[in-house]
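Please keep the structure in view while reading.

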Amino acid sequence: MPEQVATVQGTSEASQPESIPTRPIGEQSPDVAPFLQTSAELHEKKLGHEHANARRAMYIAGAVVALGGVGGGAYYVSQQPVASQTEKVAKKTSSEADSTDTDAGSVEDLDDSASSADEVASSSQAQQQAAADKAAKVRAKKLAKVQADPDNKSPWFGMVTGDMPYDSGIMIYEIFPGYTASQSELEPEMIITEMDGEEIADTAAMKQFLTRHIVGDTITCTLKDGTKIKVKLTTPRSKINNVTYSEKIPAGNYRYSSGFSGASLGDMNEDKEMGFYVTGNTYDSGPVSGDIIFKVGKYFVSSNQDIENAFSHSGPGSTLTIKYFDSDNEIQTMSIDLS
């Protein structure tokens with residue numbers, strides 16, 4: 001800002017000079033030395049050389065009074081807000097600096113928190129991996145025992161199954177209570193075609209599959225209709241080795257001719273499959289040549305004798321249900337009224 005110069009008007013008589021105008025707040029006070037020099041020169045020219053010394057002395061005295069009183073006050077008044085404003089600016093700057101430090105600290109805290117969370121996650125993953133590795137080692141030891149003695153150590157379902165015709169799966173005939181199958185949603189007459197996505201063509205394939213598992217594993221059985229059932233293998237084979245299923249159906253009190261002719265599917269295929277292969281039928285409906293009867297009433301059958309014994313358990317006036325596979329390997333049903 002340009003420097004302001006105060007001018008003092010002189011008089012013929014000694015008097016106090018006019019007060020120096022007060023500067024607006026915020027402006028700097030002029031340097032005293034230039035002020036005194038300029039004022040003295042004006043007085044020397046106007047009053048003459050003869051009175052220069054006296055007037056100069058008088059002016060200087062007055063100026064000193066003015067500067068000491070009014071000027072000094074003006075200087076104090078004008079500088080005080082500046083100092084106050086400077087303090088405010090300093091405080092604001094300090095506050096902003098503190099805020100910046102706080103923000104920086106907050107960011108550092110967030111970074112520390114993120115780092116801490118990463119460390120916790122990493123530690124958790126490491127613990128999970130360690131637990132998984134330990135479980136894998138334990139399972140490997142158990143699996144080695146299963147493969148060394150599959151007839152006793154391998155898991156077992158606790159159910160009787162029959163091979164479907166033409167390697168198309170296994171059918172559940174009976175489920176023993178208290179064992180693996182009974183603790184699942186598996187039921188008689190369900191046809192299993194896969195286990196864990198692996199094709200199960202017959203009972204032999206199921207046995208082989210189980211030798212690659214241990215008690216405690218959970219597997220998924222896929223049925224012929226696409227239904228998937230999870231089964232936890234809870235039973236070792238040793239616990240059900242003495243559980244037997246009689247394939248021979250005891251004769252009942254009645255004698256009937258079944259009306260079907262054919263042969264044991266097991267006999268035809270080296271005991272590999274269960275069911276009765278139909279070659280003739282005396283009824284107007286029901287299975288035709290090539291179809292396979294697998295159940296009469298409540299009994300699963302695999303021979304002509306089985307069928308006749310199943311008939312003998314039903315008396316006159318009763319209705320007997322026959323279930324069989326047709327040429328498309330679909331389950332069909334017929335009913336026979338006994339007289």
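Which side chain meets that of Asp151 in a salt bridge? The side chain of Arg237 does, with an N to O distance of 3.7 Å; a salt bridge here is a side-chain nitrogen of Lys or Arg within 4 Å of a carboxyl oxygen of Asp or Glu. The two residues lie in distant parts of the chain, 86 residues apart, with Asp151 in helix α3 (residues 150-153) and Arg237 in the loop between β6 (228-232) and β7 (260-264). Helices (H or I, at least four residues) and strands (E, at least two) are DSSP runs, numbered from the N terminus.

The model is a predicted one, in which local features need pLDDT of at least 70 and side-chain atom pairs count only at pLDDT 80 or more, while totals for chains, interfaces and linings use all residues. Residues are numbered from 1 along each chain as its sequence is written, and side-chain values use heavy atoms, with hydrogens and water left out.

**Salt bridges**

The whole structure holds six salt bridges, and the table gives three of them, including the one already described.

| Asp151 | Arg237 | 3.7 Å |

Through salt bridges that share partners, Glu189, Lys295 and Lys323 are joined into one network.

How open these residues are can be read from their relative accessible area, where buried means under 20%, exposed over 50% and partly exposed in between (1.4 Å probe, protein chains only). Glu189 counts as partly exposed at 21%, and Lys323 is partly exposed at 22%. Lys224, at 34%, is partly exposed, and Glu330 counts as partly exposed at 39%.

Arg237 has a further contact, for it lies over the face of Trp156, at 4.2 Å from the ring centre. A charge sits over a ring if NZ of Lys or CZ of Arg is within 6 Å of the ring centre and within 35 degrees of the ring normal.

**Strand β1**

Why is strand β1 (residues 159-163) described as largely enclosed by the rest of the structure? Five of its five residues are buried, so the description follows from that count. Met159, Thr161 and Asp163 point one way from β1, while Val160 and Gly162 point the other way. The strand runs antiparallel to β2, to which five bridges join it; two strands pair if DSSP finds at least two bridges between them. Asp163 stands opposite Ile170 in β2, and in the hairpin of β1 and β2, with six residues between the strands, Tyr166 takes a positive phi near 65°.

**Aromatic rings**

Rings of Phe, Tyr and Trp (its six-membered ring) pair if their centres lie within 6.5 Å, and planes under 30 degrees apart count as stacked, over 60 as edge-to-face and the rest as tilted. By this rule there are four aromatic pairs. One of them is tilted, because the rings of Phe260 and Tyr283 have planes at 45°, with centres 5.4 Å apart. Phe260 belongs to strand β7 and Tyr283 to the loop between β8 (276-281) and β9 (292-296), 23 residues apart. Phe260 is buried at 6%, whereas Tyr283 is partly exposed at 27%.

The rings of Phe294 and Phe300, with centres 6.4 Å apart and planes at 25°, form a stacked pair. Phe294 is buried at 1%, and Phe300 counts as buried at 7%. Ring pairs link Tyr173, Phe294, Phe300 and Phe325 into a cluster.

**Ser264**

Ser264 is placed in strand β7 and is buried, with a relative accessible area of 11%. Its side chain reaches the backbone nitrogen of Gly266 at 3.2 Å. Not counting residues up to four places away in sequence, Ser264 touches Gly275, Phe276, Ser302 and Ser303, where contact means heavy atoms within 4.5 Å.

Methods. A polar contact is a pair of N or O atoms within 3.5 Å; within protein, one must be able to donate a hydrogen and the other to accept it, and residues adjacent in sequence count only if both atoms are side-chain atoms.
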